[in-house]
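Me: I have a structure to go through with you. Can you take my questions as they come?

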Amino acid sequence: MFFHSFVDIALKLKTSKNGGDMSFVFDNISKTLTKLGDEPAKRLLKETGIQRTKAKGCAYAWDLIANRYDDIAVGSFDRFEQVVDGPTENILDIVFSGINLEVKNWKEARSFLPVTGSSFKQLKAYFNEKKPFAYYFNRNGGISVAEPMRGSLKNVFANDQAMEALYEVNEELFKSIPGVSRWENVRDMASNGSTPKVLDDFLEMLIKE
Amino acid sequence: MLRFKEKHEGIIKTSYGYDIISFSAKNRKDRNSSVSYVWIENELKQIKIGFAIIGAVKIMDQILVTDDQSRLWVLDSQLNIIEKILPDYFSNLPDSIIKNFDENYLIADKGDVFNRDYTLFQYNNLKEVFRTDHVMKGFANSFMILEMIDMSYSGVIKLYNLNADLIWEQNLLDYIELKLISIKEVIGHSFVVINGDNKSISICFKTGELLWKSDDYLLRVSKSNYKGDKFISFNQGYVEYDLRTGQRKIEQDVRQRYDDFGRGGSPSFWQSDEMIVTIPGRQNKIYFYDIVQDEMIYIYEEKEAKPYLSASPIYYHEGHLFVKDFNDTLFVYELEEGLANKLEGNKTLT
């Protein structure tokens, strides 16, 4: 059962030019073992096997770990975990000692709003943890989902209620943006016709692909 | 060892600095009915003064506070409003106050994010000392100007004493990319600049010289004590840095021995010379780590926290511990004497 699930998922690793090729699958297993060591690699493979309904999200997480470990890791690998709060569709949380990564394999961009919705609650929970975090969005059919998701996050920052709520739980993070000392500063940047580069930098730090 | 004392819901902002601790429950629909709590005479006093207190500092027998719109108000020792000051300015307490032996100074700004002036005032007479249209940051005995061009840091920084005499000028771009930075003060010694890529540099206060460069990601969650002789972190164990080199000189890994604790580490902690108090991610446990014994001497579980305790704030003040959960509930605990004694003396900056 585990092996079948695992192969199902492995074959969904279409993000690579060799997607679906079994040699690529086994290459990823080898790389994962090398990067994480035996026990964490087994946990990832087991998680992948269990998460049949989340196959694509897991596949993307696996691809990141196997092929882009040095890009995504901050500190040592700690564990895989399900979400802090909110929706569980196609997600897998990769926890490093220095950063938490939220991995999503969505077909297209979605909104983080409204503030009463589960997507915003999850976003707020990440801010509330105070630990550095980033969302990773898979490119879908070669088309960037991360780019429009940065727009979605900018819409959150332009919304008074949402922006104030995020600033309240982690103002230190926002204060890393040059010139920001109040939540209204971020709102004003996000509402401005042309986005200041410093806000673009911030959005790129939080949403990657 | 830890006794639950009280809890308060809806606490959205906490402030700790210069001997005063405050919490506010802002009423978003009716600002005037917002409630604040200030720790005075060994109890958390509830006050309603028409706004939520966002930041507070104690100056002589008065309390200077900022409201939820970053405006400045002076209160008496019984928390009654005396006056609003600098009505055209915004300020961020407690960070914007510089407490000196002879004189206190206040940094305030006016304008919006696209066009803003910062001013350093002498607090007692609100006399203007220095004004700039770049970013101003205060330290213990000095202030710094970070030059801005097109809403980004140019790299040029200038350090001044509190008489506004230039001490030195430096271009940080020679050492580090200034994208999304935070600056941490090691009082009287140096300051550490950390950017969004987890690169860090340390600059000497006295000379402006580069002391070291580092790629150590843990520096992001490190902080100095009030004496300025230690720079430490506590992510998955106790780490103390050599101030001259930026290298880890003490490293005590706790994770291996306390599996629950080590899962993801903690980005925040409270520290005295003897002990660290911390809450790791996604848990409801408060850990008390004895630095000398190198072990957790007490672990407290808060079963009422929803869904988890937040890593910060975590404040110790006058025998009490203050923490919050993700649901904005503040928990106040009384510490028994032995534990409280270990948390007194030479605390870290918040």
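Reply: Ask away; the answers below go chain by chain.

Me: What kind of model is this, and how are residues numbered?
Reply: This is a predicted model, where local features need pLDDT of at least 70, side-chain atom pairs count only at pLDDT 80 or more, and totals for chains, interfaces and linings use all residues. Residues are numbered from 1 along each chain as its sequence is written, while chains are lettered from A and ligands numbered from 1 in the order in which they are written.

Me: How many helices and strands does chain A have?
Reply: Chain A has eleven helices and five strands. Those are DSSP runs numbered from the N terminus, with helices being H or I of at least four residues and strands E of at least two.

Me: And how much of chain A is buried?
Reply: Of the 209 residues in chain A, 44% are buried. Buried means that 20 or more other C-beta atoms, placed from the backbone, lie within 10 Å of the residue's own.

Me: At what angle do α8 and α10 of chain A pack?
Reply: Helix α8 (residues 160-169) and helix α10 (residues 183-191) of chain A pack at about 135°, with their axes 9 Å apart. Axes are lines fitted to C-alpha atoms over the stretch in contact, and angles run from 0 to 180 degrees between N-to-C directions.

Me: What do you call that?
Reply: α8(A) and α10(A) are therefore oblique to each other. The word covers what is left after roughly parallel (under 35 degrees), roughly antiparallel (over 145) and roughly perpendicular (65 to 115).

Me: Which residues of the two helices make the contact?
Reply: From α8(A), A:Asp160, A:Met163, A:Glu164 and A:Tyr167; from α10(A), A:Trp183, A:Val186 and A:Arg187. Contact means C-beta atoms, placed from the backbone, within 7 Å. By class there are four nonpolar, no polar and three charged residues. Nonpolar is Ala, Val, Leu, Ile, Met, Phe, Trp, Tyr, Cys and Pro; charged is Asp, Glu, Lys and Arg; the others, Gly among them, are polar.

Me: Switching topic. How many residues do chains A and B put into their contact?
Reply: Chain B gives 35 residues and chain A gives 33.

Me: Which strand gives the most on the chain B side?
Reply: β30(B), with three residues. By class, the side of chain B that touches chain A has 14 nonpolar, 14 polar and seven charged residues.

Me: How is chain B divided?
Reply: Into domain 1 (1-87), domain 2 (96-215) and domain 3 (225-350), with bounds from an automatic or database domain assignment.

Me: How many residues link domains 1 and 2 of chain B?
Reply: Five residues of domain 1 of chain B are in contact with six of domain 2 of chain B. On the domain 1 side, the classes are five nonpolar, no polar and no charged.

Conventions. Buried ≥ 20, exposed ≤ 12 C-beta atoms within 10 Å, placed from the backbone.
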